[in-house]
Structures are given as C-alpha cells and as structure tokens.
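Hello,

Here is the structure I promised to pass on. Please open it alongside this message.

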Amino acid sequence: MNNPEGSPAGIERSASSAQIMLEMIDVSHSYHARRSNFEKGLHRVLDGVSLKLYRGQTLGILGRNGAGKTTMLRLMAGILAPSRGEIRRQPDARYSLLTLGLGFQLQLTGRDNARVAALLQGATAKEADACLESIREFSELGVSFDEPVRTYSAGMRARLGFSTALQTQVEVLLIDEVLSVGDRGFREKAAAAMRERVVGEQTVVIVSHSESQIEEMCDVAAWIDEGVLRGYGGVGETLRAYRN
Ligand SMILES: Nc1ncnc2c1ncn2[C@@H]1O[C@H](COP(=O)(O)OP(=O)(O)OP(=O)(O)O)[C@@H](O)[C@H]1O
C-alpha cells in the first residue's frame with residue numbers, strides 16, 4: 001500500500017485546491033536510551049516514514065502499544081525534531097497537539113489553563129476570554145472549572161483538554177487518544193463534536209486504539225508497526241491489513 005513518495009493511490013485529493021498541510025519525508029526518530037542493548041545508546045522508534053496530509057483530511061494512526069504513534073504526533077507538531085528525514089509544514093498554519101500527558105499547569109485552575117491554551121494557539125486576550133464560557137459548558141466540570149487542575153481526575157483532565165481543543169481554531173489538530181477516556185456519556189459527546197468538526201475543512205490526525213472510531217471519522221489511515229509504516233491508504237484496506 002505504501003510507496004516511497006508517501007502518497008498511495010486513491011488518497012490524493014483530486015481537486016487542484018488540495019493543499020499539503022504536512023509532509024513527512026523519510027522520517028526516522030531515535031531516543032537516547034540508557035539500556036545498553038540499543039545500538040550506540042539509541043533506540044530507533046520510527047524508521048523511514050513518508051506520508052502527506054492534505055487540507056481537510058482526517059488521518060487515523062493505528063498501531064500496537066509502543067509502535068511509535070505518539071512519537072509521530074510529536075514530530076508532526078514540531079515538539080520533537082526528527083533524527084533523520086524532513087517534515088514540511090505550512091509556515092502560516094498552526095499545529096496543535098491534544099494529549100492527556102502534556103500541557104496543563106497543575107497549580108492553575110481549569111479556567112486559567114484554558115485561557116493559556118487559547119493564548120498559545122494565537123488567540124488575543126479578548127478572544128481567549130470569549131471562548132471560556134463555552135469551554136466550561138462543554139466540559140461539564142461545573143465548579144471544578146475554577147479549581148486547580150492538580151485536583152482533577154484523569155477523566156476530568158480529558159474533559160478540559162478536549163473542550164479546550166474543540167474551541168481553539170487551529171489549522172491542523174493532532175489528537176492523541178483523548179477520545180477514548182472519560183466516562184461513556186462524555187466520550188460519546190466528544191466523538192459527536194469531533195465528527196462535526198472533521199467533516200468540515202479541519203485537518204485532523206487521530207491516534208486511536210478504537211478501530212470503529214477510525215472507521216467512522218477518518219478518510220485515510222496509517223498503520224505503524226515497530227516504527228515502520230506497514231500500511232497507508234484507504235481506511236478499509238489499512239484496517240484489513242492491520243487485523244491480519
Ligand atoms: N522520551 C522518550 N525517551 C525514550 N524512549 C521513549 C520516549 N518516548 C517514547 N519512547 C519509546 O519509544 C517507543 C515508541 O513510543 P510511543 O509513545 O511513540 O508509542 P505509541 O505507539 O504511542 O504507544 P502507546 O500506544 O502505548 O501509547 C516505545 O518503545 C517507548 O518506550
């Protein structure tokens with residue numbers, strides 16, 4: 001399915017307006033490892049990955065635990081620089097990584113974290129304040145919205161993170177597993193809100209262990225196994241390859 005150009009048949013947007021929002025060209029990444037069983041103290045977790053993400057596409061990334069999915073999102077977001085290869089982004093576009101592990105200032109309240117996140121995404125102070133009420137409402141955090149995030153459960157952090165990301169207007173939204181946490185009611189609401197967003201112009205990359213979520217939301221899928229892109233193309237065929 002994959003080819004060296006990073007653009008398997010059938011997933012190129014046909015319209016001439018198809019703009020490449022992100023391109024990974026033969027990207028590899030290694031972490032420094034303490035364990036001596038890795039060559040030269042390096043642990044290679046991505047190996048020669050090439051793909052293209054077009055404006056408006058929703059790309060789902062599949063793979064087992066430790067396959068390299070989060071590393072790929074961090075590279076896409078520019079949080080990590082690749083050890084080898086190249087990542088091209090649109091210079092005037094914003095890329096936002098939504099994950100549970102990163103980004104909250106634990107001593108700040110949910111409200112202040114939401115404000116900071118909006119400012120970091122490029123909102124003016126007025127715009128940031130204007131979206132706080134809808135973030136509070138969507139998150140269903142009630143009075144906890146004004147309490148420090150360190151007092152939140154993992155599910156509450158997920159609600160805050162998701163609600164904040166939903167309000168922020170970025171060109172490329174990178175989502176790491178957040179749709180699979182929290183209680184069922186919120187998960188369904190978050191998935192519905194996400195579906196609404198992905199049908200529009202929003203460009204999205206979703207890492208998910210839920211095959212049904214990928215099937216429902218994505219129009220392209222990539223399967224990573226031990227750092228190598230084993231499948232890349234239409235969701236149906238990539239899922240079939242992943243299951244076999
Ligand atoms: N900061 C780091 N330093 C060293 N090794 C790391 C670091 N982050 C991740 N790794 C290693 O890189 C490999 C890939 O990790 P990554 O988090 O990208 O996988 P993943 O596919 O997202 O996994 P999961 O589905 O479990 O979240 C793993 O072996 C992990 O132990």
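Below is what turned up, starting with the ligand site and ending with a helix pair. Keep in mind that this is a predicted model.

Ligand site

The shell around the ligand is made of Tyr31, His43, Val45, Gly63, Asn65, Gly66, Ala67, Gly68, Lys69, Thr70 and Thr71. Two elements, β2 (42–54) and α1 (69–77), each give two or more residues to it. The largest share comes from α1, with three residues. By type, the shell holds seven polar residues, three nonpolar and one charged.

Helix α1

This helix is mostly covered, with eight of its nine residues buried. Lys69, Thr70 and Thr71, which also belong to the ligand shell, are among the buried ones. Further along α1, Met72, Leu73, Leu75, Met76 and Ala77 are buried too. Gly78 follows the helix, and its phi is positive, near 85°.

Helices α3 and α4

α3 covers residues 125–139 and α4 covers residues 154–167. Their axes come within 9 Å and cross at roughly 140°. Angles over 145 degrees would count as roughly antiparallel, so this pair is classed as oblique. The crossing of α3 past α4 is right-handed.

Which residues in α3 meet α4? They are Cys131, Ser134, Ile135, Phe138 and Ser139. Their partners in α4 are Arg159, Leu160, Ser163, Thr164, Leu166 and Gln167. The contact divides into five nonpolar residues, five polar and one charged.

Best regards

Terms used: Residues numbered from 1 in each chain as written. Predicted model: local features only at pLDDT ≥ 70, side-chain atom pairs only at ≥ 80, totals over all residues. Near = placed C-beta within 6 Å. Helix = DSSP H or I, 4+ residues; strand = E, 2+ residues; numbered from the N terminus. Nonpolar A, V, L, I, M, F, W, Y, C, P; charged D, E, K, R; others polar. Buried ≥ 20, exposed ≤ 12 C-beta atoms within 10 Å, placed from the backbone. Axes fitted to C-alpha atoms, helices over the stretch in contact; angles between N-to-C directions. Parallel < 35°, antiparallel > 145°, perpendicular 65-115°, else oblique. Left-handed = near helix turned anticlockwise from the far one by under 90°. Contact = placed C-beta atoms within 7 Å.
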